[in-house]
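Subject: Structure for you, with notes

Hello,

Here is the structure for your work. Please open it first, then read the notes below.

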Amino acid sequence: MDIEFVRSRFIKHFDGKTGNIYASPGRINLIGEHTDYNGGFVFPGAVDKGIMAEMRPNGTESTIRAYSIDLKDRVDFDFHDGQGPRASWARYIYGIALEMEKLGVPVKGFNIAFAGDVPLGAGMSSSAAMESCFACGLNDLFGDNKVSKWDMVLAGQATEHNYCGVNCGIMDQFASVFGQAGKLMRLDCRSREFEYFPFNPKGYKLVLLNSCVKHELAGSPYNDRRNSCENVVKHIAAKHPEGTFETLRDCTWEQLEEVRAEVGEEDYKRAHFVLGEKDRVLAVCDALVAGDYETVGKKMYETHDGLSKEYEVSCEELDFLNDIAKECGVTGSRIMGGGFGGCTINLVKDDLYDSFIATAKEKYAAKYGKEPKVYDVIISDGSRKIC
Ligand code: ADP
Ligand code: MG
């Protein structure tokens with residue numbers, strides 16, 4: 001993203017003065033899927049695509065003048081009017097202003113122009129990039145940077161919950177705020193403890209292939225999966241009154257086998273995936289410390305198989321992209337995100353990259369009439385002030 005580009009628009013659309021520039025990234029999740037609501041681990045990293053905003057107090061009590069450079073849309077609103085703006089992009093600014101205020105930041109009126117290069121609908125969380133960028137800016141402009149990183153993560157999440165109608169977890173905002181170049185983060189969704197792990201895949205590239213489909217399924221597959229997991233926990237807890245079982249995180253493989261017959265094959269399979277996924281995240285951490293990217297890739301394929309066959313959240317198109325990766329000898333490939341569409345994330349040796357991308361485009365287009373979109377990603381720094 002280009003600082004001069006954002007600055008020129010900020011100057012043009014407001015009073016000619018310059019402000020401060022802040023940037024915040026989108027994210028990938030290397031492994032650890034459907035684990036958050038099961039008390040498990042996720043393993044995200046910030047990417048080299050994000051949101052950049054120029055911001056400057058405008059001397060008013062509570063008037064926000066906002067310009068979306070990409071949408072060429074200007075919205076002015078009073079963030080204390082109890083309603084906020086209607087434009088969905090501006091609601092992120094509105095929400096963050098109120099949530100930062102709740103954290104004790106004396107937010108006043110400001111001007112803001114912003115742009116981004118996080119592809120929409122690809123699962124890289126452009127919304128979290130916006131929230132953490134604006135939070136970082138308000139914390140700096142009005143709050144003496146006293147609000148902690150974790151509180152900014154929670155302000156972003158609360159913005160989604162309270163002003164955008166999205167009931168999300170904390171991974172996206174966490175990754176955007178805490179990201180570091182060349183590092184992935186293992187976040188324990190139960191305790192919120194986290195640890196950085198080196199990610200320097202020399203000789204490999206990380207690339208997302210967007211299937212460009214999003215299947216809206218009848219019923220509520222997400223809630224069904226949650227219910228299955230909770231049901232297994234309930235049965236295990238009933239068998240073990242001596243223990244505390246809140247989520248599948250508390251359950252062992254042996255305990256899962258004990259309840260297999262009573263919970264039925266479907267719930268068993270769902271829980272089997274979740275326990276496996278926890279082990280796979282831990283195995284990937286060990287492999288990264290050892291610099292063993294072949295094992296990382298193997299675990300990514302195992303996760304894909306689990307998501308496809310046990311958790312059953314894949315779709316034909318994603319399985320097709322995964323099969324192509326395997327045929328091309330790609331080191332690792334899996335669905336990224338909740339499933340039913342979106343991207344695969346692929347760990348590819350440099351010398352295979354060109355032929356893999358060409359083959360994936362050709363075969364996918366031949367079958368589905370459109371090419372997958374290709375996004376190279378580099379693991380990069382989290383929210384920051386640029387100047
Ligand atoms: P994602 O998975 O990328 O977070 P969301 O639906 O949660 O997708 O958020 C996307 C929304 O964020 C868009 O509809 C838009 O309102 C806002 N948004 C994202 N990037 C930009 C941008 N560059 N400019 C303006 N608004 C953006
Ligand atoms: Mg989002």
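**Helix packing**

Helix H6 covers residues 221-239 and helix H7 covers residues 253-263; their axes come within 9 Å and cross at roughly 110 degrees. Axes here are lines fitted to C-alpha atoms, for helices over the stretch in contact, with angles from 0 to 180 degrees between N-to-C directions. Helices (H or I, at least four residues) and strands (E, at least two) are DSSP runs, numbered from the N terminus.

Before going on, the ground rules. This is a predicted model: local features need pLDDT of at least 70, side-chain atom pairs count only at pLDDT 80 or more, and totals for chains, interfaces and linings use all residues. Residues are numbered from 1 along each chain as its sequence is written, while chains are lettered from A and ligands numbered from 1 in the order in which they are written.

Back to the H6 and H7 pair. H6 contributes Asn231, Val232, His235, Ile236 and Lys239 to the contact, and H7 contributes Gln255, Leu256, Glu258, Val259, Glu262 and Val263. Contact means that the C-beta atoms of two residues, placed from the backbone, lie within 7 Å. By class, the H6 and H7 contact has five nonpolar, three polar and three charged residues. Ala, Val, Leu, Ile, Met, Phe, Trp, Tyr, Cys and Pro count as nonpolar, Asp, Glu, Lys and Arg as charged, and the others, Gly among them, as polar.

Next, H8 and helix H9 (residues 293-310). They pack at about 170 degrees, with axes 9 Å apart. That angle makes H8 roughly antiparallel to H9. On the H8 side, the contact includes Lys269, Phe273, Arg280 and Leu288; on the H9 side, it includes Val296, Glu302 and Glu310. The classes in the H8 and H9 contact are six nonpolar, five polar and seven charged residues.

**The three-stranded sheet**

One open sheet has three strands in the order E2-E7-E8, with antiparallel pairing. Strand E2 (41-42) and strand E8 (194-198) stand at the edges with a single partner strand each, so one side of each has no neighbour in the sheet. Two strands pair if DSSP finds at least two bridges between them. E8 and strand E7 (residues 183-188) are joined by five bridges in the antiparallel sense. Across that pairing, leucine 187 stands opposite phenylalanine 194, and methionine 185 opposite tyrosine 196. The E7 and E8 hairpin has five residues between the strands, and arginine 192 takes a positive phi near 65 degrees. Helix H8 (residues 265-289) lies across E2, E7 and E8, at about 45 degrees to E8.

**The six-stranded sheet**

A second open sheet runs E5-E4-E6-E3-E1-E13, with mixed pairing. Strand E5 (73-78) and strand E13 (384-385) are its edges, each pairing on one side only. Strand E1 (residues 20-29) and strand E3 (residues 44-57) run antiparallel, joined by nine bridges. Serine 24 has isoleucine 51 in E3 as its bridge partner. H3 packs on this sheet and touches E1, E3, E6 and E13; its direction makes about 145 degrees with that of E1. Helix H5 (residues 171-178) also packs on the sheet, touching E1 and E3, at about 130 degrees to E1.

Strand E4 (residues 63-68) runs antiparallel to E5 over six bridges. Their hairpin has four residues between the strands, and lysine 72 in the turn has a positive phi of about 50 degrees.

**Ligand 1**

Which residues are closest to ligand 1? They are Ser88, Trp89, Gly116, Ser126 and Ser127, out of 14 that surround it (a residue is near if its C-beta atom, placed from the backbone, lies within 6 Å). Helix H2 (88-102), strand E6 (110-116) and helix H3 (126-142) each supply at least two residues of this shell. H3 gives the largest share, three residues. By class, the shell has six nonpolar, seven polar and one charged residues.

Best wishes

Conventions: Parallel < 35°, antiparallel > 145°, perpendicular 65-115°, else oblique.
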